[in-house]
Amino acid sequence: MNDKPKYLIESEIAVRKQMLAGTDYQALKFAEGAISNEDYAEVKAQREAWRTEINELEAELAKFPEEQGI
């Protein structure tokens, strides 16, 4: 069984997705060439870390049994 309750894992996923959304503007600026690789490097590394954490949390969430609909 999981150490964390399902709602907590879902909350952690939502928080990380919000953090990703908060840096979307910088990602777009980089994609458009408005900021350099050097200026974007730290944001890129952080976004990659958040995505990795989201993937790990989603894998943990997948271990919960599926809820049956009414």
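Helices are taken as DSSP runs of H or I with at least four residues, numbered from the N terminus. In this predicted model, helix α1 covers residues 6–22 and α2 covers residues 24–31, while α3 covers residues 37–61. Q18 lies in α1, A59 and V43 lie in α3, and A34 is found in the loop between α2 and α3.

Helix α3 comprises 25 residues. The distance from its first C-alpha to its last is 34 Å, close to the 36 Å expected at 1.5 Å a residue. The helix has a kink of about 25°, centred on V43. Six positions, Y40, V43, R47, W50, I54 and L57, make up the buried residues of α3. These buried residues pack against both α1 and α2.

When neighbours within four places in sequence are left aside, V43 is in contact with T23 and Q26. V43 and T23 are 20 residues apart along the chain, and their C-alpha atoms are separated by 7.4 Å.

The packing of α2 on α3 involves an angle of about 135°, with the two axes 10 Å apart. The two helices are therefore oblique to each other, and their crossing is left-handed. On the α2 side, the contact is formed by D24, Q26, A27 and F30.

The axes of α1 and α3 cross at roughly 160° and come within 9 Å. This angle makes α1 roughly antiparallel to α3. The crossing of this pair is left-handed. In α1 the contact is made by K6, I9, E10, E12, I13, R16, K17, M19 and L20. The α3 residues taking part are R47, W50, R51, E53, I54, L57, E58, E60 and L61.

Several individual positions were examined for accessibility and for separation in sequence and space. Q18 of α1 has a relative accessibility of 57% and so counts as exposed, the cut-off being over 50%. Between Q18 and E53 there are 35 residues in sequence and 13 Å in space, C-alpha to C-alpha.

A59 of α3 counts as partly exposed because its relative accessibility is 44%. A59 and A21 are 38 residues apart along the chain, with 21 Å separating their C-alpha atoms.

In the loop between α2 and α3, A34 is likewise assigned to the partly exposed class because its relative accessibility is 46%. The C-alpha atoms of A34 and E66 are separated by 45 Å, the two residues being 32 apart along the chain.

Definitions and conventions
Residues are numbered from 1 along each chain as its sequence is written. This is a predicted model: local features need pLDDT of at least 70, side-chain atom pairs count only at pLDDT 80 or more; totals for chains, interfaces and linings use all residues. Side-chain values use heavy atoms; hydrogens and water are left out. The expected span of a helix is 1.5 Å times one less than its number of residues. The bend at a residue is the angle between axes fitted to the seven residues ending there and the seven starting there. Buried means under 20% relative accessible area, exposed over 50%, partly exposed in between (1.4 Å probe, protein chains only). Contact means heavy atoms within 4.5 Å. Axes are lines fitted to C-alpha atoms, for helices over the stretch in contact, and angles run from 0 to 180 degrees between N-to-C directions. Angles under 35 degrees count as roughly parallel, over 145 as roughly antiparallel, 65 to 115 as roughly perpendicular and the rest as oblique. A crossing is left-handed if the near helix is turned anticlockwise from the far one by less than a right angle, and right-handed if clockwise.
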